[in-house]
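Here are a few exercises to work through with the model open in your viewer. Try each task before you read its solution.

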Amino acid sequence: MTTQIPQDDPRLIWQNQRREHSSMTVEEVRLRAYALQTRIHRNLIVTIAVGFALLVFSAMMIMRLPYTPPRVIVAVLIVLIVITINRAYRAFWAPDTLSDDAAPSACLDFYRRELTAQYRAVALSWRRLLPEIALLAVVVRISFMATFRFDSARILLPVFLAITLAGRYWRARKLKRELETLSTFEKEDN
Amino acid sequence: MPPTISSVSQSQDDLYKQTTEMYGEALDRLVRAYELDADKRRDLLQEIHLALWRSFEQFEARCSVRTWMYRVAHNTAASYVMRQRRLNARLLSLEDIEAMPDSAGPSGPDSADRIALERLLELIHQLRPPDRELMLLYLEDVDAATMGEIMGISAGNVRVQIHRIKAILARRFHAGGQR
């Protein structure tokens, strides 16, 4: 920082900052890219391995469960696991191209996509919540029946669900407000 | 006009090297606007450099390298802000900042550049990603047409936003931003 910057000119103040870090060399960037790719591959291998373990576990559950409804739910779970394994497998062999998120789209488009993705992930739609509630019910039933009386689960499950739903509702509302603000921002014109 | 790189035939590495030579300092300033912690700032800068290098694999010279560089850098940084959001305070828009009473006092003749810069950074860190991007591009002296291209908004919208930024900066830094 120099000592003769007019303090009422923010642009000069901004542009005269002392440089903190030097740029990375191509070799450094390549090394980092290689490390990132290795980490991604390792995570994908872990995903595939855990997926197969869950598949075996789910198959055993289907054989042991006495009633049809829980079996159907575990079967749905198996389908989801297979889809995840398939995606991980394809990602593992895909060429190393830039992901959609990092693609150099205009900043507002990018921000809107990120917000929309987050909103969809937490939005309170029954289409998304029903399978989650069903899976949670199965997990609670299986785990609680073995150790506690099932009555406790009847209290804990609704409380847990209510907290989860409230949290998701609050987050979704916040994200929706941000999306609305972004739309207003885009429409502001002369 | 920003310097241009005739790039179609150039390799990814060459493009990266030339871009960081030309805009390395601007990138260094950009990360200050997104992260206060020095260690995390270095990590974010490296993340941006990596994203930039990888992005040049797709560069087809449909826009200037400067526009491309700012888009990649801002998008990477915005993504970073959104990941860190849970830990941060509520972010504001330019409109919110305009409506807020000015908490910082006027800078006296004995104020140091550092204090002025800190006030500027404090203001920038309160902004939501789109407003922050506009503010930074304005501070970097990027022209309105390029700002529109980087942000993906109309020239009229850029003018409205610049007017708002100038008003905020003028209020906080006396006659600053009135050029």
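**Exercise 1.** Work out whether Glu60(B) and Arg62(B) are buried or exposed, and find what links their side chains.

*Solution.* Start with accessibility: Glu60(B) and Arg62(B) are both exposed. Keep in mind that this is a predicted model. Next, look at the gap between the two side chains: the closest N and O atoms are 3.0 Å apart. The cut-off for a salt bridge is 4 Å, so Glu60(B) and Arg62(B) form one. As background, side chains of opposite charge can pair when their charged atoms come close. Over all chains, the count by this rule comes to 9 salt bridges.

**Exercise 2.** Find which residues are joined to Glu20(A) in one salt-bridge network.

*Solution.* Step one is the pair Glu20(A) and Arg41(B), with closest N and O atoms 2.4 Å apart. Step two is a salt bridge between Arg32(B) and Glu20(A), at 3.9 Å from N to O. Step three is to compare the burial of its ends: Arg32(B) has 13% relative accessibility and so counts as buried, while Glu20(A), at 32%, counts as partly exposed. Putting the shared partners together, Glu20(A), Arg32(B) and Arg41(B) belong to one network.

**Exercise 3.** How many residues of helix α6 of chain B are buried, and why is the helix called largely enclosed?

*Solution.* Take helix α6 (residues 129-139) and count: 11 of its 11 residues are buried, so the rest of the structure largely encloses it. The buried set includes charged side chains such as Asp131(B), Arg132(B) and Glu133(B). Now move to His74(B), which is in helix α3 (residues 65-84) of chain B. His74(B) counts as buried because its relative accessibility is 0%. Among its contacts are Glu133(B), Leu136(B) and Leu137(B), along with Cys107(A) from the other chain.

**Exercise 4.** Characterise the contact between chain A and chain B.

*Solution.* First, the residues: chain A gives 50 and chain B gives 74. Second, the area: about 5,800 Å² is buried between the two chains, 56% of it on carbon and sulfur atoms. Third, the polar side: 4 salt bridges cross the interface, and 16 residue pairs are in polar contact. On the chain A side, the elements that give two or more residues are α1 (10-15), α2 (26-64), α4 (107-122) and α6 (150-187). The largest share, 7 residues, comes from α4(A). By type, this side of chain A divides into 21 nonpolar, 14 polar and 15 charged residues.

**Exercise 5.** Summarise the make-up of chain B.

*Solution.* Chain B has 8 helices and 0 strands. Of its 179 residues, 59% are buried. The chain exposes about 7,700 Å², with carbon and sulfur atoms supplying 49% of that area.

Key: Residues numbered from 1 in each chain as written. Chains lettered and ligands numbered in written order. Predicted model: local features only at pLDDT ≥ 70, side-chain atom pairs only at ≥ 80, totals over all residues. Heavy atoms only, no water. Helix = DSSP H or I, 4+ residues; strand = E, 2+ residues; numbered from the N terminus. Buried < 20%, exposed > 50% of the residue type's maximum accessible area, 1.4 Å probe, protein only. Areas by Shrake-Rupley, 256 points an atom, 1.4 Å probe, with all protein chains shown as cover. Contact = heavy atoms within 4.5 Å. Buried area = accessible area lost by both parts, 1.4 Å probe. Polar contact = N/O pair within 3.5 Å; in protein donor to acceptor, adjacent residues only side chain to side chain. Lists of a residue's contacts leave out its neighbours within four places in sequence.
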